[in-house]
Amino acid sequence: MSMLNVFKIAGSALNAQSVRMNTTASNMANVDSVVGPDGESYKAKQVVFAAKPIGGTADSIGVQVKEVVDSAAPMRMVYEPANPAANADGYVEMPNVNVVEEMTNMISASRSYQANAEVMNTARTLIQRTLSIGQ
Amino acid sequence: MTNRLDQEMQFHQTALNLRAYRQQLLSSNIANADTPNYKAKDIDFTKALTGALNMRMGPIALATTNAGHQQGKVASPFDSLAQYRNVTQASVDGNTVDMDVERAAFAENALHYEASITFINGLLRSMQSAMQNQ
């Protein structure tokens, strides 16, 4: 039943895109966090997507979040001698979150989410039509 | 065992199966729009339908002379039909999904699927009226 596989495929994409959206939200929320839970300043997180076969066949390919990696971009150094977190030279290490990048990431994730939700709706309509053959 | 009723339906049944399969391929493409190195796949519908109607699909039968020989099966009978799409605009991450193309193809394929169902319904209705004793 390939039409039911469409549900699984689109579902996996919805899941992956919402993880991406969560990551973006974390990054945006922590754009000014000087100290993270581990005592160091927050590092921007990025998700890595990978294709994932669904239902044992080679042609129904969903998507999964393979890993969440820390961004390798250099930390943002801000001169603030009065800040208690400043180093010997008076610089504070701020998170390496790029707000512009995060905004575009967020828009891309939400558009992909919408597209996959639409795919699911269409598949539902088609299955319903199929079930009403001959009535 | 194919009787008259089956023969009438066979064409539309095959077409519907292929449309469902194509819908699945296109939804895979849309789902993987952001996956690095994913290559978009599609089928040549006309060629696939001709092949499916003439039973020219699936793997070539292998001569097995021993019980331990493998049959060379593929998971789905349509597996051999899917082909990689030509790249319209290359992207840096190696992904070849063009969202506009995929969404247009998806909508078009969904319409064709519904059209096939309408045809089947019409066929059934005319057969029913032929069978009524009036």
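Helices (H or I, at least four residues) and strands (E, at least two) are DSSP runs, numbered from the N terminus. The model is predicted: local features need pLDDT of at least 70, side-chain atom pairs count only at pLDDT 80 or more, and totals for chains, interfaces and linings use all residues. Residues are numbered from 1 along each chain as its sequence is written.

**Exercise 1.** Describe the lining of the second largest pocket.

Step 1. A pocket is an open set of points on a 1 Å grid over the protein atoms alone, where a 1.4 Å probe fits, with protein on both sides within 12 Å along at least five of seven lines; lining residues have an atom within 4 Å of a point.
Step 2. The lining comprises 14 residues, and A:R20, A:V47, A:F49, A:N105 and B:D34 lie nearest the centre.
Step 3. In chain A, α1 (2–29), β1 (45–53) and α2 each give two or more residues to this lining.
Step 4. The largest share, 5 residues, comes from β1(A).

**Exercise 2.** Summarise the secondary structure and burial of chain B.

Step 1. Chain B has 3 helices and 2 strands.
Step 2. Along the sequence, their pattern in chain B is α-β-α-β-α.
Step 3. Of the 134 residues of chain B, 39% count as buried.

Methods. Chains lettered and ligands numbered in written order. Heavy atoms only, no water. Buried < 20%, exposed > 50% of the residue type's maximum accessible area, 1.4 Å probe, protein only.
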